[in-house]
Amino acid sequence: MGETRTLTSVAGGGGDAEEVSRLWHITLSVSGAEAPLAEVRRALEQLAHDHPFLLTSRYARDHAEIRYWEEARDLHDAAAVALRLWGEHRSTARLPPWEIVGLEVIDRETYHQRISEGYGPLPATPVGVHPF
């Protein structure tokens, strides 16, 4: 039979103290019908307030990219938490009714290796919510 898994998150905590968590760099891409830029920005700022581990968000009228670090046991848990992020905060942050169109989850070592080799997303500076 399948293994029952309890998802953990930096925001949610949980799990056994003996479980070893790792940091995962998440890039979540969403898109959909155009929305006013001011509303998109306000919604992403609220999402960053609700989920304080967001590093940066970039946005346009019809798409956005959210990057942050997530703590989880493994890639499966990190991806599951990331895939729930947009939907779980849609009403509280008044996010646009966009769908998730991309997800990248990489471990900390891979992230730093990419950066040192000049590949991958650059470190999130400045941190915050910015237009594309």
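1. Tryptophan 69 counts as buried, because its relative accessibility is 18%, where buried stands for under 20% relative accessible area, exposed for over 50% and partly exposed for what lies in between (1.4 Å probe, protein chains only). This is a predicted model, in which local features need pLDDT of at least 70 and side-chain atom pairs count only at pLDDT 80 or more, while totals for chains, interfaces and linings use all residues. Residues are numbered from 1 along each chain as its sequence is written, and side-chain values use heavy atoms, with hydrogens and water left out.

2. A search of the whole structure gives two aromatic pairs, a pair being rings of Phe, Tyr and Trp (its six-membered ring) with centres within 6.5 Å, called stacked if the planes are under 30 degrees apart, edge-to-face if over 60, and tilted for the rest. The ring centres of tryptophan 69 and tyrosine 111 lie 5.0 Å apart with the planes at 80°, so this pair is edge-to-face. It links distant parts of the chain, since tryptophan 69 is in strand S3 and tyrosine 111 is in helix H3 (residues 108-116), 42 residues apart. Tyrosine 111 is buried, with a relative accessible area of 6%.

3. The rings of tryptophan 86 and tryptophan 98 have centres 6.3 Å apart and planes at 5°, so that pair is stacked. Because tryptophan 86 lies in helix H2 and tryptophan 98 in the loop between H2 and strand S4 (99-107), the pair ties together parts 12 residues apart in sequence. Both tryptophan 86 and tryptophan 98 are buried.

4. Helix H1 (residues 37-50) has 14 residues and reaches 20 Å from its first C-alpha to its last, close to the 20 Å expected at 1.5 Å a residue, the expected span being 1.5 Å times one less than the number of residues. Val40, Ala43, Leu44 and Leu47 are buried in H1. They are on the same side of H1, because they cover an arc of only 95° around the axis, taken from the directions from the helix axis to the C-beta atoms. The face turned away from the buried side of H1 carries the exposed residues Ala38 and His49. The buried residues of H1 pack against strand S2 (54-59), strand S3 (63-72), helix H2 (75-89) and strand S5 (128-131).

5. For the protein as a whole, there are three helices and five strands, defined as DSSP runs (H or I, at least four residues, for helices; E, at least two, for strands) numbered from the N terminus. Their order from the N terminus on is β-α-β-β-α-β-α-β. Buried residues make up 35% of the 132 residues.

Definitions and conventions:
Contact means heavy atoms within 4.5 Å.
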